[in-house]
Amino acid sequence: MSSSLSYYFNEEHESFRQTIRQFLQAEAIPNIDQWEADGKIPREFWKKFGEMGYFGLCYPEEFGGSNLDFFYNVVMCEEISKVFSGGFTITAAVQSFMSTPYIMKHGSDYLKENYLKPAIAGEKIGCIGITEPGAGSDAANIQTRAKKEGDYYIVNGSKTFITNGIYGQFVILVCKTNPEAGAAGVSLLVLDLDAEGVSKNKLKKLGWHASDTAELHFDNVKVPVKNLLGEEGKGFYYLMGGLQLERLSAGIMGYASCESIVEYSLKYMNERSAFGRTINKFQVLRHRVAQLAAEIECIKIFTLQTCKMHEQGKYVVKECSMVKLIATELADKVMYQCLQFFGGYGYMEEYKVARAFRDSRIGTIGGGSSEIMREIIAKMVIDDIGYERAESTVERPVHTVESIFATLPSRFKTEKAAGKNLNIHFSFTNNNYTVNIADGKLNVENGLQGTADCLVETDDETYIAVETGKLNPQEAFMTGKIKVSDLMQMMAFGGLFKKL
Ligand SMILES: Cc1cc2nc3c(=O)[nH]c(=O)nc-3n(C[C@H](O)[C@H](O)[C@H](O)COP(=O)(O)OP(=O)(O)OC[C@H]3O[C@@H](n4cnc5c(N)ncnc54)[C@H](O)[C@@H]3O)c2cc1C
């Protein structure tokens, strides 16, 4: 272990690494090709994985976990990323980093007993259902609806691209319990995938062949109210918090898979000859390897440093976004260049680099695309927008148009709105909203709906600055930063809301 790494990993971590490596050598690696061909990893394998304690490394003992520090999870994630099957890696990563953490953080005793415990034991496999056919990056715009009726929510809608959705047992479903409230109407439910009214369609895809990816449809699915995670309406904020760990794990998977493919390539380059010498003697190839090694090492140390901050409880949105962006883009580059070292053999299924090349392509798309990562980073480094944890278990972004609009219902002065009818259109950089007030009731919708009494046009930054008191509204109007078609109507509208 290099001295820089010993800062993050101690001897116990390294001895754990040897144990899980041996387990994967014995139980997973000999079967990977078959699982890739089958498009499925047998349940028995995950039970063994659970019995070994690998799903519960950092969870409390009362749920079957081992209560270890976060770097055990880092070691586990590194090792599952080195078996040359992204489909294998992601199945375990979704369970450990993208679904069960929501139950641990926001779930009731009932949910922990019935879903977290069996998941840690490897008896139940979970997934996270955010993406819909019509909403991926724009997660607040999901349409899946959960309507409360007595002791149940009745769920209708569709999700797509859901990893573990075919063979998994439950989904952390992101849905709207109050569609009028925008992001503040989003809730998380734990939904059994064998419930009546759930239908599934297995999707064919470019890579990740060992993993199942589902399209899920919900037709009047009854979900007990006790399966709600945390509080109604806080799902979007829970999600924002949870996505940081997902992005961090994407970074670990990124650099670890790069390390293993470089090692694999170096062996080949040491054996393959051309023009009377092994190809690892050609300077152009040596420099390429050196460049890749340098870049991998840089992102690895930055990712580990972000893991350290995450472990210390810091809310590292900027760093997690940077880790995800750089590590997944680097993985694409590394796989592409390593395949080149193999010449024609690299294009053959027989060589692991072909699969690695296919599997890495999703890294820059899933869990927040590179474009979305750049958006988050740009807002933080250019516009000085901060993201902070709202409460111990509730995390929320501050100062985004979406989050400000989500607060409108709670700031609405119902008593002042009696008898008022107003339809206000807001046109922002990326989104449009309609805020309608009729007979004392408030309704917020995406898009520009109906005839506007007033059209407000501005960019996100100006609106946020005005709402948060950083920019005087008069100044914004005078300088043309905000254009308002009817100032009187706008002032009447503004008077119906408490300040942020
Ligand atoms: C194999 C696989 C597994 C997946 N697993 C899961 C899962 O388990 N659970 C789950 O919920 N989802 C999952 N996803 C979905 C994944 O997270 C989404 O595909 C991703 O968030 C992008 O959403 P989209 O596909 O709807 O693309 P869109 O949001 O339609 O984006 C299309 C393009 O536009 C760009 N774009 C969008 N908005 C902006 C913007 N504001 N600025 C600049 N560019 C923008 C995007 O970056 C992208 O390039 C999976 C996807 C795949 C392919």
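Lys498 is exposed, with 9 other C-beta atoms within 10 Å; a residue is classed as exposed if 12 or fewer other C-beta atoms, placed from the backbone, lie within 10 Å of its own, as buried if there are 20 or more, and as partly exposed in between. The model is a predicted one, in which local features need pLDDT of at least 70 and side-chain atom pairs count only at pLDDT 80 or more, while totals for chains, interfaces and linings use all residues. Residues are numbered from 1 along each chain as its sequence is written. Lys498 belongs to the segment after α18 (487-494), where helices (H or I, at least four residues) and strands (E, at least two) are DSSP runs numbered from the N terminus. Apart from neighbours within four places in sequence, Lys498 is in contact with Arg411 and Lys413, contact being defined as C-beta atoms, placed from the backbone, within 7 Å. The C-alpha atom of Lys498 is separated by 8.7 Å from that of Leu408, and the two residues are 90 residues apart along the chain.

Three further loop positions were examined. Pro42 sits in the loop between α3 (32-38) and α4 (43-51). With 13 other C-beta atoms within 10 Å, Pro42 is partly exposed. Asn67, in the loop between α4 and α5 (70-80), has a positive phi of about 55 degrees although it is not a glycine. Asn67 is partly exposed, with 13 other C-beta atoms within 10 Å. Asp439 is likewise not a glycine and has a positive phi of about 50 degrees. Asp439 is placed in the loop between β14 (432-438) and β15 (441-446), and counts as exposed because 9 C-beta neighbours lie inside 10 Å.

The protein chain is assigned domain 1 (3-124), domain 2 (127-236), domain 3 (244-362 + 370-397) and domain 4 (412-494), with bounds from an automatic or database domain assignment. The C-alpha centres of domain 2 and domain 3 are 30 Å apart. Their contact takes 6 residues from domain 2 and 7 residues from domain 3. On the domain 2 side, the residues divide into 2 nonpolar, 3 polar and 1 charged; Ala, Val, Leu, Ile, Met, Phe, Trp, Tyr, Cys and Pro count as nonpolar, Asp, Glu, Lys and Arg as charged, and the others, Gly among them, as polar.

Domain 2 and domain 3 each give at least three residues to the shell around the ligand. Of the 23 residues in this shell, Ile130, Gly136, Ser137, Ser369 and Glu371 come nearest, a residue being near if its C-beta atom, placed from the backbone, lies within 6 Å. At least two shell residues come from each of β1 (126-129), β3 (152-163) and α12 (370-381). The shell comprises 10 nonpolar, 10 polar and 3 charged residues.

Helix α12 also packs with α10 (residues 317-341), at an angle of about 145 degrees and with the axes 9 Å apart; axes are lines fitted to C-alpha atoms, for helices over the stretch in contact, and angles run from 0 to 180 degrees between N-to-C directions. Residues of α10 in this contact include Lys318, Met322 and Leu325, and those of α12 include Met373, Ile377 and Met380. By class, the contact has 7 nonpolar, 2 polar and 4 charged residues.

Terms used: Two residues are in contact if their C-beta atoms, placed from the backbone, lie within 7 Å.
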